[in-house]
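Opening the notebook on this one.

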Amino acid sequence: MRNIKHMGVFSWSSAIYSTSIFIIEKHELDLPAQIGVAMKVTEEAKPDVQLSDDIIQLDRENEEESYRKLCSSLGKGATIIIDVSWSPWEMVDQLGIPILRTSLYSQQLVTAIDNYLESRNATDAAILVESESDLDRTLYELLGRSNIRVWVDTGLTIESATILRNMRPEPSFFVIIGEGGFVKNTYKRVSIITSMIKEKLVLRDNRWNLVITDYTGHNFDISQLVLPTVILHLDAAECCKLQGLDTCICPEDFPRKQYILNNLLQFLIDIFRKVPNTSTIIRCDESSKNQKTDGFQELLATETYGNDSLFFWNADRSSLLLRSQFILSSAKTGVSETVASWSANEKYKLLPDAVLEPIRTFYRIGTAPAIPWTMKKLDSAGEVMLDEEGQPLYEGYCIDLIEKLSQTMDFDYEIVTPKSGDFGQKQRNGSWDGLIGDLMTGKTDIVVAALTMTAEREEVIDFVAPYFEQTGILITIRKPIRKTSLFKFMTVLRTEVWLSIVAALILTGVMIWLLEKYSPYSARNNPEAYPYPCREFTLKESFWFALTSFTPQGGGEAPKALSGRTLVAAYWLFVVLMLATFTANLAAFLTVERMQTPVSSLEQLARQSRINYTVVESSNVHQYFINMKFAEDTLYRVWKEITLNASSDQAQYRVWDYPIREQYGHILLAINASGPVVDAKTGFQKVNEHTEADFAFIHDSAEIKYEVTRNCNLTAVGEVFAEQPYALAVQQGSRLQEDLSRALLQLQKERFLEQLAAKYWNETARQMCPDADESEGITLESLGGVFIATLFGLGLAMITLAWEVFYYKRKEKNKLRQIEGIDKTEAFAPKKIKKKSNNVARLRKVTNISRNVTIGDKFKPVTEKGVSFINVLPKNDFMP
C-alpha cells in the first residue's frame, strides 16, 4: 500500500466572471492537460461561457504546503472547488465554499466488485491492477469502506505469484482489475506462471473475478477460462452516452476519463445557470470559512434525482458520480450468463431469474500435531500420505471435528500447522509463536487443537466453549510380567508344609496298620463281633485309606476298633483343615496376583524409590511440576516468615511438622534424575522396555488412554489430576466465536462428541489383548499342573494295567508248564503213594479239634478223617 495521494486545482469562470478550483493528485501528471482539453471543449459547446483554471497539486506527504497554495488561490476569488483526487481532502470541508467531489477512474467498479464479494461472504481478496497509480486509487477506495481484507499488487510475476501462494492467510478470492487487454493477458499468465513455480494459486470455482474497466467486457474471450469465473464490466451503452450518441461502436482505446471531464464541466455550467453568481474571495484565517454550502448540494440532488441524467448525486460521499451501469456475468468455458445488472446509484442485486452457485465461506484452521488429536495419516507401508500439493494429510479427533463443523456451518477450510512452535508460547519480546501467534497475526481464522485454556492466552485471543473437558495428567506403567508356572497351585504352600503333609499321610497309614493288627477289637482279631465281610487294613490298604481321605468321597470303610477310629477322626480333622487352608490360600493367591499393581496414585509414586519415572521435556506436564515445586517453595517461605516473625500469637504457629507436603519437589528431583524424554513416543517406549514394571511415564491423560487401548503391555494407574479443558480459539472480537459456540452446542445435542471419544478411546479394543479376561477367571497357565497330574495318573494307571496283564499271563504260563512236567513224569514212573505234605499234615492237625470244619460253598458231612473239601485238582490225582 502506498501512503501518497495526489491533488490538483482547477478554476473556471463564466462570462459573469465566476471562478472554480479543481483539486488533483500530485502524481496525475496528465490530468492538467486533460482538464485544459475539457475546458476548451466546454467553451466550444457553451459559447457564452469563458473558463479559466488555476491548478494546484496536492502532496499527501506535505499537506500544509498544498493547503497554503489553496488558500492563495481562494484569496483571488472562487465559486466552487471540484475535488477529483483519489480520496477526499478533509481540510477543505470547512472553507465556506461549495465543494464537488467526483471519480474519473475505476473507483466505482472497485466498489461494485467489493459489494459483490461481500454478498458472497468474502473475508479477504487479492487484487491485481495495472499500475502503481491504480494500486493507490484502489487502496484509497477500499480502505475504511470495505469489510474485506485486501492485498493489492501490480500485474502478475513469478515473484508476486509466489508471494500470493505463500500468503497467510491465503486470499479466498482473486480479482484482476484493468482494461480488457490487461485482464486477458494477466489471466493467461496465471496458468503459465503457476506451472513454472509448480504452485496453484486457487482451484476452487468462482474464486477468480475479472473486472474490465473499459467498454470491451461484452466481447471478452471466455474460451481461455479454466474454472468458473465471475466477470464484471460496464455497459457499452455508456460509451455512447458520453459521446452524446444514441448508438455507436465504442473503440477499444476510448478515452473514458477525458469524456467524463468534458461532460462534468458542461453539467456544472448548466447547474450554475440556475444560481446567482456567488464568486467569493475566501481568506482561510477568517470566519467566512464556516459559511454553509448545503444549498448547492441540494440543487445537485434535485437536478439528478428521478431521471436518467449522466451523473447522480451521492449524498453519503458528497460526490457527483457517473451513473454507470454494471453487468455481472458467471462464465465457464464457452458459456456466459448474466446474473446481475445494476446502476451505480443502486444497490447490488441479482436478476429475478438468476441463481449463483453458493460459495461456502473459506477459513484457515490451525492445528498442531498431538496424539490422538491431530496425527499424520500413514499408508499401509507406514509412510506419511501427502495431498496434491505435497502437504501431509492428517487424521484424528480434531480433524474429524473440523470436518463435522464444516458440514454444520457450511464452510470450506484449509488445515494450517505452525511453522514455529507448537501450541504457542509467549516470547520475551511479548510476541507469541505456534498456534497462538498464527491466530494473532491472521494466518489462521480458527484453532482446533488440543489447546488448553489459560488466562495468559485469553489476553490475546478469544476461546470458545470447551469441546473436551476430561483431559489432565495421568501415569502409565507396564503391566508386570508374572512368572507363570503350570504348577503354580503348588506354590500356595511352602515346601516344608508339603513335606509335613506327606509325612502325616505316611505316619497315619502306618499307624492304622499297626492299630488294626494289634488291637484285640479290630475286625481282624475279633471276627466273632463282625460276622460279615470287613475291610482288611493291610499296610497297602492303610496307605490307600490315608491318601483317599483327602478326596471329597473320603477314604471308604473305616477301622472297627475304637483306637483306629480315634486316629481316623483326628486325621480327618487334619485333612479338613488342610483342604480349607489350601483352598482359601489358593483363591487369595490368584486374586491378589491379578489385582497387583506397583502404585496406584501420584502420592505413592512419590513415596517409593523402586520405580523411576519421567515426563516429556519442556511439555505442559513438565511445566506443571516445575510450577508446583515453585508453589511449594513459596508456601514454605511464607510459612517460615510467619512463624519466625510471629510476636503475640506465636503459640498458634508451634507445630511439630511442616504442614505442607513436599512431594512435588521430590517428584521433580526424580524426574531430573531419570532424565526427561524428547517426546511421548520415547516415553512409551521406555515404559514398554521395563518388563519388571519399574518405570512410569507421566503425560497427558488423553494420549495415555489412547496408547493404553493400543498397547496391551501398558496400563494407566491412579486418577487423572490437574484437569484442564480443551477449547477452540478465534481472533479477539471475531464473529466466529458465537457461531462456533452454537455449532458445538448442536453437536453435543447430537452426541457427536461422545461418538468421537468412543472412536479414539475404544475400551472394547482392550478385549483383544491376550490377558483381557484376567478379571473373569483363572487362566489355564496357572492351573495347568492339575490337569498334568491327572493325565500323569491316567498314564500311570495304564502302565500298571499293562504290568498286571503281563504278570498274570506270565504266572499262568508258568503254572501250565509245571503241570505239563508233572504229567510226563507220572506217565513213565511207577505209581507211588505221595507223601502228605506239611500243609495237609498241618490241616489234619487242625481238624482234630473238637468241631468239624467245612471248606467249600456247600455243606456236606465231614469224612471220618474230619476234613471235607472240594477238589480243584484232576480227579485221578486226588489222594485222600
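**Cysteines and an aspartate**

Started with Cys248: at 28% relative accessibility, I put it down as partly exposed. I keep in mind that this is a predicted model.

Next I checked what Cys248 is bonded to. Cys248 pairs with Cys240 in a disulfide, and I get 2.0 Å between the sulfur atoms. Cys240 comes out at 5% relative accessibility, so I log it as buried. The torsion about this S-S bond is about -100 degrees, so I note the Cys240 and Cys248 disulfide as left-handed.

How many disulfides does the structure hold? I find two.

The other entry is Cys239 with Cys250, also a disulfide, with sulfur atoms 2.2 Å apart. Cys239 sits in helix H7 (residues 237-243), while Cys250 is in the loop between H7 and helix H8 (256-272), so the pair ties together parts eleven residues apart in sequence. Here the S-S torsion is about 85 degrees, so I write down right-handed for Cys239 and Cys250. Cys239 has a relative accessible area of 0%, so it is buried.

I looked up two further cysteines for accessibility. Cys398 is buried at 0%, whereas Cys534 is partly exposed at 25%.

Last stop, Asp59. I find it in strand S3 (residues 56-59). Is Asp59 buried or exposed? Its relative accessibility is 18%, and the cut-off for buried is under 20%, so Asp59 counts as buried. I also followed its side chain: one of its polar atoms lies 3.1 Å from the backbone nitrogen of Glu61.

Definitions and conventions: Residues are numbered from 1 along each chain as its sequence is written. This is a predicted model: local features need pLDDT of at least 70, side-chain atom pairs count only at pLDDT 80 or more; totals for chains, interfaces and linings use all residues. Side-chain values use heavy atoms; hydrogens and water are left out. Helices (H or I, at least four residues) and strands (E, at least two) are DSSP runs, numbered from the N terminus. Buried means under 20% relative accessible area, exposed over 50%, partly exposed in between (1.4 Å probe, protein chains only). A polar contact is a pair of N or O atoms within 3.5 Å; within protein, one must be able to donate a hydrogen and the other to accept it, and residues adjacent in sequence count only if both atoms are side-chain atoms. A disulfide is a pair of cysteine sulfur atoms within 2.5 Å.
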